[in-house]
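Reader: Can you walk me through this one? Keep it plain.

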Amino acid sequence: MTRIRIEVVYAGHGFQVSRCLDLDSGATIATAISGSVICRDYPEIDLAKNRVGIFGQRLGHEALLSDGDRVEIYRPLIADPKDSRRKRADLARKSRR
């Protein structure tokens, strides 16, 4: 069976961690995350809530990996970007009056 080399990354508040793995071809995102043991080292990661992807593209846990892929574990958003934008626009409008 062919081997692939991938990277699993997670960025917390003020830090970033990266783990490189060699896996069998046909491995999934779930396989890579499990093999990286990042969830053991960073218990704040909840794979039921944290989204995952490859190179910025959100995918499911069963997505197949290719050689050179970077699996990313995303933190939940603190605020809705649309709401934040709306609040900044309101503040700017009020400050002009």
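**Strands, core and one buried valine**

Author: Alanine 11 has glutamine 16 of E2 as its bridge partner. This is a predicted model: local features need pLDDT of at least 70, side-chain atom pairs count only at pLDDT 80 or more, and totals for chains, interfaces and linings use all residues. Residues are numbered from 1 along each chain as its sequence is written, and side-chain values use heavy atoms, with hydrogens and water left out.

Reader: How do E1 and E2 pair?

Author: Strand E1 (residues 3–12) and strand E2 (residues 15–24) are antiparallel, with 10 bridges. Strands (E, at least two residues) and helices (H or I, at least four) are DSSP runs numbered from the N terminus, and two strands pair if DSSP finds at least two bridges between them.

Reader: And what joins E1 to E5?

Author: Four bridges, and E1 and E5 (residues 70–73) run parallel. Valine 9 is opposite glutamate 72 of E5.

Reader: New topic. How many residues are in the largest nonpolar core?

Author: 19, and Ile6, Val8, Leu23, Ile29, Leu65 and Ile73 have the most contacts inside it. Such a core is a set of buried Ala, Val, Leu, Ile, Met, Phe, Trp, Tyr and Cys residues joined through side-chain atoms within 4.5 Å. E1 gives the most to this core, four residues.

Reader: Valine 52: buried or exposed?

Author: Valine 52 counts as buried because its relative accessibility is 2%; buried means under 20% relative accessible area, exposed over 50%, partly exposed in between (1.4 Å probe, protein chains only).

Reader: Where is valine 52?

Author: In strand E3. From valine 52 to arginine 75 the C-alpha to C-alpha distance is 9.0 Å, at 23 residues apart in sequence.
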